[in-house]
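Open the structure in your viewer and keep the selection panel at hand. This tour goes from one selection to the next.

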Amino acid sequence: MALHFTRDEFDARMDRLQAEMAEHRLDAMLLFSQESMYWLTGYDTFGFVFFQCLVVTKNRRLALITRSADLRQARQTSIIDEIIVWADRAGSDPAKALKDHLFEMDLLGCRLGIETDTHGLTAKNGKRVQEQLESFGTLVEASTIIPELRSVKSPAEIEYVRKAGQLADEALTSGLALVKPGADEGAILAAMQGAVLAGGGDYPANEFIIGSGEKALLVRYASGRRALDANDQLTLEFAGVYRHYHVAMMETVVIGEPHPRHAEMFEAADAALSEVREAMRPGHTFGDVYDAHARVLHERGMGSFRLNACGYSLGAAFTPSWMQWPMFYPANPAKIVPNMVLFAHMILLDSESGTAMTLGRTFLTTDADPEPLSALAPRMLTK
């Protein structure tokens with residue numbers, strides 16, 4: 001089988017989940033998040049765009065309800081032995097297939113934790129599940145249980161994270177080599193993504209962000225390419241990805257003569273990132289990290305140019321986003337603990353002058369100072 005972790009690693013993850021299930025008095029969990037399935041069993045697919053559910057009982061039994069297209073996917077990439085295929089046909093109800101198998105698993109009348117805060121369960125399918133199970137057992141919202149467990153990485157996961165960090169550096173180096181007046185954004189993007197794939201990495205959970213000129217102020221991918229002007233700005237947000245584990249970076253490159261505003265904004269972003277790194281320690285919260293970023297930018301007169309969040313946790317992620325819980329936003333009480341992988345982005349967008357400046361790095365938390373996962377130190381990038 002194409003497993004990326006040992007059986008002992010999966011057993012340790014199951015142990016942690018079983019302890020949480022006991023704490024919440026759950027007889028079973030209904031997992032709809034692809035990230036949860038991958039973390040617990042290795043199951044690797046984009047088939048979660050259709051109905052599928054992994055059932056985990058308090059006795060460690062695993063059962064996957066999925067489509068025929070993912071039968072072999074589950075056999076080859078996971079430790080799941082019990083696989084039930086629901087048939088694609090007019091009028092079929094996969095939630096009924098789920099209920100039928102839950103009955104076979106002797107879970108009638110039980111407390112069932114369910115993941116609803118996931119792209120793996122559409123509103124339509126969620127209603128189907130609710131209708132089928134409303135008199136079958138007690139559904140308990142359990143969307144945060146596995147994300148909380150996943151936010152703290154094991155040594156085996158950290159090994160993959162470090163590799164993803166190396167691939168992120170290679171992506172930036174490859175892209176910067178092509179940045180110059182007249183360069184095509186598509187060629188830069190291809191070089192960056194190509195470096196990750198050539199290094200043995202994976203596609204990212206969301207598109208790399210690339211934008212120049214006025215599009216440098218966007219913080220999402222948008223279709224359309226252009227060539228760089230003699231005086232321009234180019235914003236890049238991307239990730240090295242290995243075994244689905246992400247390490248993200250963010251930069252704004254100035255082409256030609258930097259505008260004075262660029263230098264001023266970079267100095268503010270660099271100072272804010274330094275303060276964020278100081279706050280990214282055990283004993284602090286995610287809200288504390290956000291406050292450190294906001295305080296520095298306010299003191300430097302940049303408060304109106306920042307966003308209402310400045311980063312988030314990273315890990316093994318699937319489309320449509322590599323952003324994971326918890327995030328850096330005001331008053332978030334989630335605690336910083338060792339072995340978290342955290343991406344902090346300092347984003348400054350001055351729409352009036354049309355000036356962008358961004359700076360983002362990913363860190364591994366420790367008992368003391370966080371460890372940068374990029375060997376490329378922050379600097380004002382000009383071409």
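A salt bridge here is a side-chain nitrogen of Lys or Arg within 4 Å of a carboxyl oxygen of Asp or Glu. This is a predicted model: local features need pLDDT of at least 70, side-chain atom pairs count only at pLDDT 80 or more, and totals for chains, interfaces and linings use all residues. Residues are numbered from 1 along each chain as its sequence is written, and side-chain values use heavy atoms, with hydrogens and water left out.

**Stop 1: Arg61 and Glu104.** Select both side chains. They meet in a salt bridge, at 2.9 Å from N to O. Arg61 sits in the loop between β2 (53-57) and β3 (62-66), and Glu104 in helix α4 (residues 94-104), so the pair ties together parts 43 residues apart in sequence. Helices (H or I, at least four residues) and strands (E, at least two) are DSSP runs, numbered from the N terminus. Arg61 is partly exposed, at 29% relative accessible area. Glu104 is partly exposed too, at 47%. (Buried means under 20% relative accessible area, exposed over 50%, partly exposed in between, with a 1.4 Å probe and protein chains only.)

**Stop 2: Arg67 and Asp88.** Here the side chains form a salt bridge of 3.2 Å, N to O. Arg67 lies in the loop between β3 and α3 (71-77), and Asp88 in the loop between β4 (82-85) and α4, so this pair joins parts 21 residues apart in sequence. Is Arg67 buried or exposed? It counts as buried, at 15% relative accessibility. Asp88 is partly exposed, at 43%.

**Stop 3: Arg295 and Glu275.** Now pick two helices. The side chains of Arg295 and Glu275 meet in a salt bridge of 3.5 Å, N to O. Arg295 is in α10 (residues 286-299) and Glu275 in α9 (residues 260-279), so the link ties parts 20 residues apart in sequence. Arg295 is partly exposed at 40%, and Glu275 is partly exposed at 33%.

**Stop 4: a network.** Select Glu9, Arg13 and Glu157. Salt bridges link them in a network. A search of the whole structure finds 17 salt bridges.

**Stop 5: Ser33.** Go to the loop between β1 (28-31) and α2 (34-41). Ser33 is buried there, with 10% relative accessible area. Which residues does Ser33 contact, leaving aside neighbours within four places in sequence? Glu115 and Thr118. (Contact means heavy atoms within 4.5 Å.)

**Last stop: zoom out.** The protein has 10 helices and 15 strands. Its C-alpha trace spans about 70 × 45 × 35 Å along the principal axes. Of its 383 residues, 55% count as buried.
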